[in-house]
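Visitor: I have a structure open and a few things to ask about it. Can we start with how burial is judged, then go to the rings?

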Amino acid sequence: GNFGTQNRMVTREDYVIRALSMPSRFGTIQKAFVASDEQMLSEELSVSNPLAVNMYILGYDNNKQLRTLPLAAKENLRTYLSQYRMITDAINIKDGYIVNIGIDFEITVLPGHNSNSVLLRCIDALSTKYAIENLSFSSALYKKDMYLCIANIEGVQSVTDVSVTNLFGGDYSEHRYNIEDATYKDVIYPSLDPSVFEIKYPTRDIKGKVTTY
């Protein structure tokens with residue numbers, strides 16, 4: 001109760017909530033995650049303290065796509081959090097990892113429905129379901145949910161296939177991720193390094209095809 005009245009950060013969730021609540025004039029944190037590991041990049045803010053909290057963060061660019069934050073925003077975040085942390089705690093601010101993905105699917109269409117219109121509705125539904133605000137650090141992807149999302153679209157007779165691929169390099173994140181190795185029983189698990197899955201260009205990265213028999 002004492003900690004609560006002082007607005008002190010005690011749990012990992014406390015740290016995340018505080019980071020996301022930092023006033024936007026200091027920099028806007030869109031994704032935050034607290035984890036324990038030994039990794040540290042030279043440009044990140046680190047302290048030598050066995051009780052240090054390791055916080056991974058990401059923000060949005062002007063197109064609402066994930067990006068790492070500049071050093072100034074990280075310094076502002078540490079300063080902002082310092083007023084709420086326990087006196088024995090310290091904070092390491094790290095860049096989160098971005099894993100860009102694409103979704104490919106195949107469907108059959110009910111008689112009397114326009115195939116192109118059905119495909120567009122499927123793509124719109126997946127774009128909404130996997131919009132970046134709905135994805136967070138270390139969240140798994142369930143292919144069953146993808147199948148259901150598509151199957152519930154008017155005009156879809158059946159979903160014959162859904163596949164997820166990692167997109168990297170060029171306009172995408174440089175981080176490669178082996179989707180096949182990370183998949184177990186149709187669940188795509190995130191990496192051990194705190195990362196966020198992102199469909200960067202929904203109209204380009206979500207592709208559908210109509211199969212006829």
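Guide: A residue counts as buried when its relative accessible area is under 20%. Keep in mind that this is a predicted model.

Visitor: Val162, then: buried or exposed?

Guide: Val162 has a relative accessible area of 1%, which is under the 20% cut-off, so Val162 is buried.

Visitor: Where does Val162 lie?

Guide: In strand β7.

Visitor: And which residues is Val162 in contact with, leaving aside neighbours within four places in sequence?

Guide: Ile103, Asp104 and Phe105, and also Lys143, Met146, Tyr147 and Ile150. Lys143 is 19 residues away from Val162 along the chain, with 7.4 Å between the C-alpha atoms.

Visitor: Changing topic. How many aromatic pairs are there in the whole structure?

Guide: A search finds three. One of them is Tyr172 with Tyr201: the ring centres are 5.6 Å apart and the planes are at 75°, so this pair is edge-to-face.

Visitor: Which parts does that pair tie together?

Guide: Tyr172 is in the loop between β7 (156-166) and β8 (183-184), while Tyr201 is in the loop between β10 (195-198) and α6 (202-205), so the pair links parts 29 residues apart in sequence.

Visitor: What is the relative accessibility of Tyr201?

Guide: It is 22%, so Tyr201 counts as partly exposed. Tyr172 is at 17%, and therefore buried.

Visitor: Which residue lies over the face of Tyr201?

Guide: Arg204, at 4.2 Å from the ring centre. Elsewhere, Lys129 lies over the face of Tyr130, at 5.7 Å from the ring centre.

Terms used. Residues numbered from 1 in each chain as written. Predicted model: local features only at pLDDT ≥ 70, side-chain atom pairs only at ≥ 80, totals over all residues. Heavy atoms only, no water. Phe/Tyr/Trp six-rings, centres within 6.5 Å; stacked < 30°, edge-to-face > 60°. Helix = DSSP H or I, 4+ residues; strand = E, 2+ residues; numbered from the N terminus. Buried < 20%, exposed > 50% of the residue type's maximum accessible area, 1.4 Å probe, protein only. Lys NZ or Arg CZ within 6 Å of the ring centre and 35° of its normal. Contact = heavy atoms within 4.5 Å.
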